[in-house]
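Please read it with the coordinates open.

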Amino acid sequence: MTQPPALDLAAAEQALDSQPFSRLLQARITAFGDGSATLEVDVREELRQQNGHLHGGVVAYAADNALTFAAGTTLGPAVLTGGFSIQYVRPARGRILVARAEVVHSGRRQAVVRCDLVTVDDAGEEKLCAVAQGTVLAAGG
């Protein structure tokens with residue numbers, strides 16, 4: 001049985017760029033490996049909701065993708081989100097949304113991952129805006 005190719009930041013960036021929705025949001029992966037991944041999205045006017053905050057759907061997207069990429073570091077490149085929950089702590093206001101995910105437990109077929117989502121303001125200060133946790137499944141087989 002051949003092992004899947006090793007994943008690194010460049011491979012993760014390529015995988016993210018292959019997702020049309022991620023390109024639409026102009027998301028970028030800034031860290032990847034050893035059971036963790038970090039995804040960033042610049043807060044732009046067209047991503048805001050009617051009250052001026054970053055739309056919750058964008059926050060959920062970032063959580064979902066960060067969870068899945070982090071799990072991919074332990075399960076391999078073929079993974080799918082089995083499910084996740086998200087709790088919004090405060091409205092997402094700032095310049096950049098950062099989703100930092102870390103594998104809590106990984107087996108052969110699934111991983112449990114948690115993610116903190118923060119916004120970064122112009123002064124570089126981070127504020128927690130949401131927390132997510134999910135299960136990611138190895139696809140195929």
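1. Pocket terms. On a 1 Å grid over the protein atoms alone, a pocket is an open set of points where a 1.4 Å probe fits, with protein on both sides within 12 Å along at least five of seven lines, and lining residues have an atom within 4 Å of a point. Grid points are joined across faces, edges and corners, and a volume is the space filled by probe spheres set on the points.

2. Basis. This is a predicted model, in which local features need pLDDT of at least 70 and side-chain atom pairs count only at pLDDT 80 or more, while totals for chains, interfaces and linings use all residues. Residues are numbered from 1 along each chain as its sequence is written, and side-chain values use heavy atoms, with hydrogens and water left out.

3. Second largest pocket. Its volume is about 190 Å³. The lining consists of 14 residues, and L7, A15, F69, P77 and V79 are those nearest the centre. By class, eight of the lining residues are nonpolar, five polar and one charged; here Ala, Val, Leu, Ile, Met, Phe, Trp, Tyr, Cys and Pro count as nonpolar, Asp, Glu, Lys and Arg as charged, and the others, Gly among them, as polar.

4. Helices (H or I, at least four residues) and strands (E, at least two) are DSSP runs numbered from the N terminus. Both α1 (9-17) and α3 (56-75) supply at least two residues each to the lining of the second largest pocket. The largest share, four residues, comes from α3.

5. T68. This residue belongs to helix α3. Which class does T68 fall in, buried or exposed? T68 is buried, at a relative accessible area of 13%; buried means under 20%, exposed over 50%, and partly exposed in between, for a 1.4 Å probe and protein chains only. The side chains of T68 and T81 are joined by a polar contact of 2.8 Å, that is, a pair of N or O atoms within 3.5 Å; within protein, one must be able to donate a hydrogen and the other to accept it, and residues adjacent in sequence count only if both atoms are side-chain atoms. Leaving aside neighbours within four places in sequence, T68 is in contact (heavy atoms within 4.5 Å) with V79, T81 and V136.

6. Cysteines. How many disulfides are there? A disulfide is taken as a pair of cysteine sulfur atoms within 2.5 Å, and by this rule the count is zero. The sulfur of C115 has its closest cysteine sulfur in C129, 9.4 Å away, which is too far for a bond. C129 is likewise in no disulfide, the nearest cysteine sulfur being that of C115. C115 is buried, with a relative accessible area of 0%, and C129 is also buried, at 1%.

7. V131. Strand β6 (residues 126-138) holds V131, which is partly exposed at 30% relative accessibility. Not counting residues up to four places away in sequence, V131 touches S85, I86, Q87, V89, C115, D116 and L117. A37 is 94 residues from V131 in sequence, and their C-alpha atoms are 15 Å apart.

8. R114. This residue lies in strand β5 (residues 110-120) and is partly exposed, with a relative accessible area of 45%. Its contacts, leaving out residues up to four places away in sequence, are L67, R100, A101, E102, V104, A132 and Q133. R114 and V103 are 11 residues apart in sequence and 6.5 Å apart in space, C-alpha to C-alpha.

9. Backbone points to check. Most residues other than glycine have a negative phi. Q26, in the loop between α2 (20-25) and β1 (28-33), has a positive phi near 60° and is partly exposed at 46%. D34, in the loop between β1 and β2 (36-42), has a positive phi of about 50° and is not a glycine. D34 is exposed, with a relative accessible area of 85%.

10. S22 is in helix α2 and is buried, at 2% relative accessible area. Beyond four places in sequence, S22 touches L16, A27, Y61 and N65. A31 is in strand β1 and is partly exposed, at 31%. With residues up to four places away left out, A31 touches L9, S36, A37 and T38. The C-alpha atoms of A31 and G72 are 13 Å apart, across 41 residues of chain.
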